[in-house]
Amino acid sequence: MSDFRESPPAGVSKEAPAGSVPPEDIVAIPVRHWGRWIGAVLVLALLGALVWAFVQAKINWDVVGEYLTYDTIVEGAGKTLWITVLSMLLGVVLGVILAVMRLSTNPVLSGVAWGYIWFFRGTPVLVQLFLWYNLSYIFDTVNLGFYKDEMNDVMTPFLAALLGLGLNEAAYMAEIARAGIQSVDRGQTEAAHALGMNNGRTLRRIVLPQAMRVIIPPTGNEFINMLKTSSLVYAIQYNELFRAGTNISSRNLAVMEMLLVVTAWYLVLTTVFSIGQYYLERHFAKGSQQELSPTAWHRVRTQLTSFRTKSPTGPSGRAGGSDASGG
């Protein structure tokens, strides 16, 4: 008979003979990335030089601290926030309507929506602001039948800023909303129609809630961008944050100091809304398959927990890495 030994099945380890020496553990030595450390040192050196340059510059930091909470600056920041919220609200509502029109099978509705998006995305925001502000050159009066007034009295800097920013934003929000609606599977709409739901209810109850996961992230970015773009309305005499800072600097001649004050306020506002955007994205991502990203507090808590559990004697916190039974 031939000497034939059957090999063990796959996944079943063969027991080592008695008295054999087990193999040593493999010690992995991490590769040293010297380029990363050199790059980090260079970046820190450049940042330090930039900070030192501002510290040594001829800037009166007392003036910066004094005007950070100045009444005119705080009022300008409030007006910036107010015009941003209203313009974004107008842009979102009108953008969703334009997106639905763009997806319509009616050629008139889709054509009008396409023409609107083409015009407002193709012209600068500053030009649109001036077009609204100087509308009295074309229309002397506003006559709605039940209301009649001079255009100069109607088209105030606030209204011109609202229309200029809001209508321009609607063109971009229309494309964002259209992408979100198209991201929802067509079968969802067909299933809703099979249950007897009409197009309007299907859009409100089925399509838009699922499309929000796609719409929210770019909408948050658009809001932050709108917050910064609102500084352009200073050109049409609306007294927002940037105009408030320039008016003060024209009196006290502290140009750079007031620019730093305005910059600090914009950074505070954008940071607050960036945090809000992050948690809003987490809220609408709960129903998706993807894992929710950890919050900043979760990251800090994880790091603190890992520091407590780690020990120099071993990764398990016990000498030799043995288990609790000592085996």
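Start with the whole chain: of the contacts (heavy atoms within 4.5 Å) between residues at least 6 apart in sequence, 70% join residues at least 24 apart. The model is predicted, so local features need pLDDT of at least 70 and side-chain atom pairs count only at pLDDT 80 or more, while totals for chains, interfaces and linings use all residues. Residues are numbered from 1 along each chain as its sequence is written, and side-chain values use heavy atoms, with hydrogens and water left out.

**Whole chain**

Colour by secondary structure. The chain has 12 helices and two strands, where helices (H or I, at least four residues) and strands (E, at least two) are DSSP runs numbered from the N terminus. In sequence order the pattern is α-α-α-α-α-β-β-α-α-α-α-α-α-α. Of the 327 residues, 28% are buried; buried means under 20% relative accessible area, exposed over 50%, and partly exposed in between (1.4 Å probe, protein chains only).

**α7 and α9**

Select α7 (157-183) and α9 (199-229). Two packed helices are described by the angle between their axes and the distance between the axes. Here the angle is about 145° and the axes are 8 Å apart. Axes are lines fitted to C-alpha atoms, for helices over the stretch in contact, and angles run from 0 to 180 degrees between N-to-C directions. The crossing of α7 past α9 is right-handed, that is, the near helix is turned clockwise from the far one by less than a right angle, anticlockwise being left-handed. Show side chains at the contact: α7 residues including L165, Y172, I176 and I181 meet α9 residues including L203, V207, A211 and I215. By class, the contact has 15 nonpolar, four polar and two charged residues. Ala, Val, Leu, Ile, Met, Phe, Trp, Tyr, Cys and Pro count as nonpolar, Asp, Glu, Lys and Arg as charged, and the others, Gly among them, as polar.

**The largest pocket**

On a 1 Å grid over the protein atoms alone, a pocket is an open set of points where a 1.4 Å probe fits, with protein on both sides within 12 Å along at least five of seven lines; lining residues have an atom within 4 Å of a point. The space amounts to about 510 Å³, a volume being the space filled by probe spheres set on the points, which are joined across faces, edges and corners. α9 gives the most to this lining, with four residues. The lining holds six nonpolar, seven polar and two charged residues.

**The second largest pocket**

Move to M212, I216, T219, G220 and L280, which lie nearest the centre of the second largest pocket. About 260 Å³ of space lies there, and 16 residues line it. α9 again gives the most, with eight residues. The lining has 12 nonpolar, four polar and no charged residues.

Select I59, in the loop between α1 (34-56) and α2 (61-67). I59 counts as buried because its relative accessibility is 12%. I59 and L260 are 201 residues apart in sequence, yet their C-alpha atoms are 9.8 Å apart.

Q237 sits in the loop between α9 and α10 (241-252). Q237 is not a glycine, but its phi is positive, about 75°. Its relative accessibility is 40%, so Q237 counts as partly exposed.

End at L253, in the loop between α10 and α11. Its phi is also positive, near 60°, and L253 is exposed, with a relative accessible area of 69%.
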